[in-house]
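I opened my notebook to go through this structure piece by piece. Here is what I looked up, in the order I looked.

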Protein chains: 6
Amino acid sequence: MPFDHREEHIDDRMLILQANIDDMNPEYCSYVTDLLLEQGANDVYWIPIIMKKGRPGVMLNVLTDDEGVKRMEEVIFRETTTLGLRYLRASCHRLGRELHRVDTPWGPIQVKAGFHQGELVQFAPEFKECEQAAKTYGVPLKQVYDEVRRRFMERSRA
Amino acid sequence: MPFDHREEHIDDRMLILQANIDDMNPEYCSYVTDLLLEQGANDVYWIPIIMKKGRPGVMLNVLTDDEGVKRMEEVIFRETTTLGLRYLRASCHRLGRELHRVDTPWGPIQVKAGFHQGELVQFAPEFKECEQAAKTYGVPLKQVYDEVRRRFMERSRA
Amino acid sequence: MPFDHREEHIDDRMLILQANIDDMNPEYCSYVTDLLLEQGANDVYWIPIIMKKGRPGVMLNVLTDDEGVKRMEEVIFRETTTLGLRYLRASCHRLGRELHRVDTPWGPIQVKAGFHQGELVQFAPEFKECEQAAKTYGVPLKQVYDEVRRRFMERSRA
Amino acid sequence: MPFDHREEHIDDRMLILQANIDDMNPEYCSYVTDLLLEQGANDVYWIPIIMKKGRPGVMLNVLTDDEGVKRMEEVIFRETTTLGLRYLRASCHRLGRELHRVDTPWGPIQVKAGFHQGELVQFAPEFKECEQAAKTYGVPLKQVYDEVRRRFMERSRA
Amino acid sequence: MPFDHREEHIDDRMLILQANIDDMNPEYCSYVTDLLLEQGANDVYWIPIIMKKGRPGVMLNVLTDDEGVKRMEEVIFRETTTLGLRYLRASCHRLGRELHRVDTPWGPIQVKAGFHQGELVQFAPEFKECEQAAKTYGVPLKQVYDEVRRRFMERSRA
Amino acid sequence: MPFDHREEHIDDRMLILQANIDDMNPEYCSYVTDLLLEQGANDVYWIPIIMKKGRPGVMLNVLTDDEGVKRMEEVIFRETTTLGLRYLRASCHRLGRELHRVDTPWGPIQVKAGFHQGELVQFAPEFKECEQAAKTYGVPLKQVYDEVRRRFMERSRA
C-alpha cells in the first residue's frame, strides 16, 4: 500500500541554469550543490568540459522553476566564481510516483516506484535507508539493496 | 556520380530528451542506444556527469522530432531507471548530403559527402564498410580508411 | 578606480550551437576554438560524450548571438567533420564588470570584478598577465595569482 | 550446480600496456578493442585524458600477460596512430569463479558467481544472454536482469 | 607556530589497487570510498573509463601500504561488483607538513602547510572548517577560504 | 629521403609521476604542462577523476626518466597545490622514427613516420606546420592535413 502518491505530469515552466567555470577550486562543488538543493533546486549536476586553452573546467547545471531562478542566482553568484550564466527553457515529464514500505531483516525500507500511463516501470530502494541499514547491521550495502528489490518484486508478482 | 541525395535544410521541430541517471547498471547503455535508434531517434549520446553526493552518473540525450517523442519515452521509461526526463527545443541544420561509391583494392566503398551552400565541405568513408573490408582482407583499418579518402580526393580534384 | 565598466544585464537573443563529432582528429579542437573566438563567439567549449557504438566523441558548443550564427557555421562546417548542427535558444545573464589595476612587486596586473545588484561578488586576476609576470620574474604562478588577490582584497576592505 | 569452475588466484606476470592518442579518429576505438580481445587481451579500456595544448585525447590500456605482449603490440602499432607505448608491471587477483544456470520464463540464463576465500561475494547474469532474451521475448532488459538475479538469490538462500 | 609536524619523506612500500567496474549502480561509489578510507586507505579515487562494447564504466583506485591490502580487498570484494583487481607498485613522496592555526572573524581555522626541502611550497585552509564557518556565519564559502589564505600569507611575510 | 632518424628501442628507466589535485584553479593546468615539457618531461597529461566527497579533480601525469625526476618535482611542488606525489616504474617502447618533407601548394610540410620492425606503420603531418599553412593561406586546416597525408601516401606507394 503506497503511503505517498503523485500523478504523472509534465511541467512546462522549467529552466536550466548553466555556468561554465574554469577558475574555481573544485572542492567547492559539493558545497554549492548542497546549498542549491536546500534553496529548492529540482536538480543540480556538473558536466566536465574542456574550455579555452584546453582548460579542464566544469559546467554547473541547475534545474529550477521560474520562481526559483532568483534564489538560484543568489547562490551561484555568491558561491562560485562565474561572471555570468545562461538560461535554457525546458519541460519536465515526471512519472507518477509512489512510496512503498518493504520489510527486511534490517527493518522497513522505502521503495520509490515510478508509473508511466498507470503501469509500474521503475522501482528503487531509498538509497540512504539502505546505507543506514548496511552500516547498522554490518552487511554489504549491495546485499541490502538487492534484498529490498527482491522483496518488492515478489510482492508485485503476488 | 552520387546515387543518393538530400538538400541542405533546417528542421525546427526537433527536441532533445534528457534523463540524468545515477542508479543504472552501465552495461544497459548500449542496449538502450540501439533500441532508441531502432525506434527512429535522430541521435543518441551519453554525457558523463557528476550528480548529487558526487555520484558519477550519465545523462542520456535523445534527439527526436515531435512525432517520435512518445516512442522515445516508451523506451526510456521501460529500459532505464529514470523517474523523469526533460525536453529542450532545438533546430537542426543538416548539410546537403550525397553518397558516392569509390573503387578500392578491397571492393567498392561508399563515401558520404556534405555540402554547405553548394560547396563540398565534408566527406567520410562509411565506417562499417571500411571495417568489413579491413577484416575480410586482413589489412589495417586505418589503411583502408585513408585509401578511400585518398581516392575520393583524387577524383574530386579531377 | 575601475577604468572599464559594463552594467549587469540579460541578453535574450543568444544561441548555443552544438555539433557531436566522433570522426575528427582531436588535435583540431583548439584550432577550431581559436577560429571561433576570433570570429566573435561569446564562448566555445567541448563536452566529452559517448556516441553510437560506444565511441568516445566530443560535442562542440558555441555560444553566439543571432548575428554571429552564419559566421560560426562557416567555421564549423569548414573546419570540423560534422554533417550538421543544432541550435538551442538561451538567455545570458552577465554580471556588471569592472577592470581594476593592482600594483604588485612584478608590475601592475588587472583584476576583473563582477557585480550582482551593485554588490561585488567576484574578482579574478587576469590570468595571462599573471602568467607573464611569473615567467618574467621566475616566481611561481600561484604566488603571483595569490598576491594579486590578496592586494585586491586589502584594497576592497579599506 | 556450477558447470564451470576456477580457483581464486593471483597472477604476478601481468602487464598494462598504455598508449596516449590524440590524433586518431575515435571511430577506430571499438574496432581496436575487439581486435585486441580476439588476440587474447585480458582486458581493454580507454581513459579520456587531456594532452598537450589541451587536446582531448584517449589513453588506450591493454591488460596482458608476458606472452601476449608481442601480439598486442602488433595490433596497437598497426591499427592505432601511436608512435610508442608504455609497459607497467601489475599483479592480478582473480576471484574464484563458477558459472551457474538459472531457469527463467525466457529460458535458462547463466550467472557468473565470484568467490573470495570460499565465500560467495559476487554474482552477475551473463549480459549477452539477458539481452538476447529481452529481444526475443519483447520484455524490458532490466526485468530479465532483475528476475535472473532474484532467482539466483532465492536459490542461494535455500 | 605549528602544532603538528611531519617530515618530508618517500614511502616505497605503497600499492595501487585498481578495479574496472561496468555493472555497478554508481550510487555505491561514495559509500565504498568512505568505507575504504575508514579502513585506512591512503587515498581513494575513481576514473571514468570506456570499457568493452563502449560501456561507460569506472575504475576504482585505492592507494594503500602493504599491510592494508587485505582489508582493502575485503571491502572491494564485499561492496563492489568486481570479479578481480590489479596491484601496481608505487612509491609516495610526501611533503613535510605542518598544521597552523589562523584567527579569522569566524573563529580559528587550521591551515595545512607543505614543505619541500625545508621551503614552504603549499598551504591550504582546512576545507571542512571553512565550510562550517561559512554555514555558521552565513558568509560565502569562498570569502572564508580567501580570507584564511590572505591572513596566512600576511603572517608568513612578517 | 628522411633527414632525421631514430631507431626503434625500449627504455626501461622511465617513471610516471602522478599527483591527484582537487583544490587547484584549473586555469593553471596548461601553464604547468608547458613548464614540465620545457624542463624535459617526455610527456604530460591530465586525467579527470572523482575524489573524496565526489569532488571533480584531476590527476597530473608526468612521464620522465630517472634523471629528470628532481626537476619535475621542483615544478610540481612549486606550481601546483599538491602535498605529495607517486612514482610508478614504466618501460617505454618507442617506434623507429623518421622525419620526411612533403611539398604542398602551401610550401613544404614535415611528416613524422613511425617504423615497427622496419616496416612503416604510422605517419602524421607535423600539426603546427599544418596550422601555420592553413592560417597563412586561408584554407581549412583539414584540407591541408589531408593533402599532406595524400601526398605522403602517393610517394610511399611509388
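The entries below go from one whole chain down to single residues.

**Ground rules.** I am working with a predicted model, where local features need pLDDT of at least 70, side-chain atom pairs count only at pLDDT 80 or more, and totals for chains, interfaces and linings use all residues. Residues are numbered from 1 along each chain as its sequence is written, chains are lettered from A and ligands numbered from 1 in the order in which they are written, and side-chain values use heavy atoms, with hydrogens and water left out.

**Chain A, overall.** I looked up the helices and strands, which are DSSP runs numbered from the N terminus (H or I, at least four residues, for helices; E, at least two, for strands). Chain A has four helices and eight strands, and along the sequence they come as β-β-α-β-β-α-β-β-β-β-α-α.

Next I checked the radius of gyration, taken over C-alpha atoms; the globule rule is 2.2 Å times the number of residues to the power 0.38. Chain A comes out at 20 Å, whereas a compact globule of 158 residues would be near 15 Å. The C-alpha trace spans about 55 × 40 × 25 Å along its principal axes.

How much of chain A is buried? Buried means under 20% relative accessible area, exposed over 50%, and partly exposed in between, with a 1.4 Å probe and protein chains only. Of the 158 residues in chain A, 65% are buried.

I also looked at contacts (heavy atoms within 4.5 Å). Taking those in chain A between residues at least 6 apart in sequence, 60% join residues at least 24 apart.

Phe115(F) has Leu120(F), in strand 8, as its bridge partner. Two residues sit between the strands of this hairpin, and Gln117(F) there has a positive phi near 50°. Strand 8 (residues 119-125) is largely enclosed by the rest of the structure, because five of its seven residues are buried.

**Chain F, a loop.** Thr82(F) is in the loop between helix 2 (69-79) and strand 5 (84-94) of chain F. Is Thr82(F) buried or exposed? I found a relative accessible area of 6%, so Thr82(F) is buried. Leaving out residues up to four places away in sequence, its contacts include Leu95(E) and Gln122(E) as well as Ile76(F) and Phe77(F).

**Chain B.** Ala113(B) lies in strand 7 (residues 107-116) and has 0% relative accessibility, so I put it down as buried. Beyond its neighbours within four places in sequence, Ala113(B) is in contact with residues including Gly96(B), Phe152(B) and Leu83(C). Met51(B) is 62 residues from Ala113(B) in sequence, and their C-alpha atoms are 39 Å apart.

I then turned to helix 1 (residues 28-38) of chain B, whose buried residues include Tyr28(B), Val32(B) and Leu36(B). What covers the buried residues of this helix? The cover includes helix 2 (69-79) of chain B, helix 4 (141-157) of chain D and strand 4 (55-65) of chain E. After the helix comes Gly40(B), with a positive phi near 100°.

**Chain E.** Arg150(E) is in helix 4 (residues 141-157) and is buried at 5% relative accessible area. Which residues does Arg150(E) touch, not counting those up to four places away in sequence? I noted Arg150(C), Met153(C), Glu154(C) and Arg157(C).

Notes:
Two strands pair if DSSP finds at least two bridges between them.
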